[in-house]
Amino acid sequence: MKNSVVNFLPFALPEIGDEEITEVVQALRSGWVTTGPKAKQFESDFADYLGGGLEAIAVNSATAGLHLGLEAMGIGSGDEVITTTHTFTATAEVIRYLGADPVFVDVDAATLCIDVDAVARAITPRTKAIIPVHFAGRSADMTRLLALAKQHGLKVMEDAAHALPTTCDGRLIGTLESDVTVFSFYANKTITTGEGGMLVTRDPELAKRARVMRLHGINRDAFDRFTSKAPSWYYEIVAPGFKYNMTDIAASMGIHQLKKANAFQQKRAHIAALYDEALAGLPIVRPPHAAAGDVHSWHLYVTQLTDEAQVSRDVFIERLFAQGIGCSVHYIPLHLQPYWRDTYKLTPEMFPVSQRVFERTVSLPLYTRMSEADVARVVAAVKVALG
Ligand SMILES: *Cc1c(COP(=O)(O)O)cnc(C)c1O
């Protein structure tokens, strides 16, 4: 039956305009296709977008940015990093890249973001850092989390893969007192470069380390300390670095996507509001909103079936697909994934909120190219699927 659905409404779609296409073609014709002037411009545009006074380092994925961030903080074997179980595996895998151990905590039912009280309970003498996730584009309680981190001398790296643009207490994510913030430009994120990410920091030493490790551990500044006449071919390897640089092809997209970020957010917020209104009265819990006065990026529209719903989550999703509606689950919590579950002896009882949400959650399609008719079609399909 699924194959007979001619007009499938996907879960997510990027919006790429002529500006992006022209810029990419220009990069291709220029002959400079890897990291170069476009990547540099994207970095400086991004720093300006956040209000300046910080460094933006373009990378080829948010995962790469998260890895570089932890590496530059000096996280290593024997260290613990506290994060949420209710996230994508990339948030936690980077901790293992460095031989450190993630300590998973539950989420706050009101925000689906990391539970700050649970973080406080999880701190041990080995704890070095905390990675909050701005789930679905709603900011975590950064004010309390940053205060807790300061009190215990812990680093904070925000996984802001969902959070462009999102605000917390009126300030854009990326501009808070965290040590590092990392954004994602993966295909389904609020802005995209196909694959890509941006590491943001106010710490010049941390930025320097991340830039060196982004490209093989190459340091071109070393020579300049001794002479201003460093030959163009000279470089020094100061560490076994990574290959995490962003290409100018990707950056060409990013330059124009960034200009549209606020307009995209407004479209997404409009679609979320349409859903909120249309789903009222149905056995569906609508997503947490931003705190009063704050911006929600609306990367995802994450619903939950209530106890009154006459259908299981799995059957509900099957029925939506049968009607040609793409949807998704955010997330299968990490405590249920074999690697994390078995390595760290995790059980559902340790994460009651995340577990409960997982069993009922469905993310509905939300992207800027959706029309009001598309939203109405999803809502009609939801009503059918509820039975
Ligand atoms: C998408 C995502 C990432 C990884 O982003 P990439 O750019 O694909 O590496 C990390 N964390 C979260 C929460 C994400 O949704």
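Strand β13, covering residues 301-305, is joined to β14 by four bridges, and the two strands run antiparallel; strands are DSSP runs of E with at least two residues, helices are runs of H or I with at least four, and both are numbered from the N terminus, while two strands pair if DSSP finds at least two bridges between them. Within this pairing, Gln-304 has Thr-361 of β14 as its bridge partner. The model is predicted, so that local features need pLDDT of at least 70 and side-chain atom pairs count only at pLDDT 80 or more, whereas totals for chains, interfaces and linings use all residues. Residues are numbered from 1 along each chain as its sequence is written, and side-chain values use heavy atoms, with hydrogens and water left out.

The strands belong to an open sheet of three, ordered β12-β13-β14 with antiparallel pairing. Because β12 (284-285) and β14 (361-364) stand at the edges with a single partner strand each, one side of each is left without a neighbour in the sheet. Helix α11, residues 313-322, lies across β12, β13 and β14 and runs at about 25° to β14, where axes are lines fitted to C-alpha atoms, for helices over the stretch in contact, and angles run from 0 to 180 degrees between N-to-C directions.

Elsewhere, the axes of helix α3 (residues 62-73) and helix α4 (residues 90-97) come within 9 Å and cross at roughly 40°. In their contact (heavy atoms within 4.5 Å), Thr-63, Leu-66, His-67 and Leu-70 of α3 meet residues of α4 including Ala-90, Val-94 and Tyr-97.
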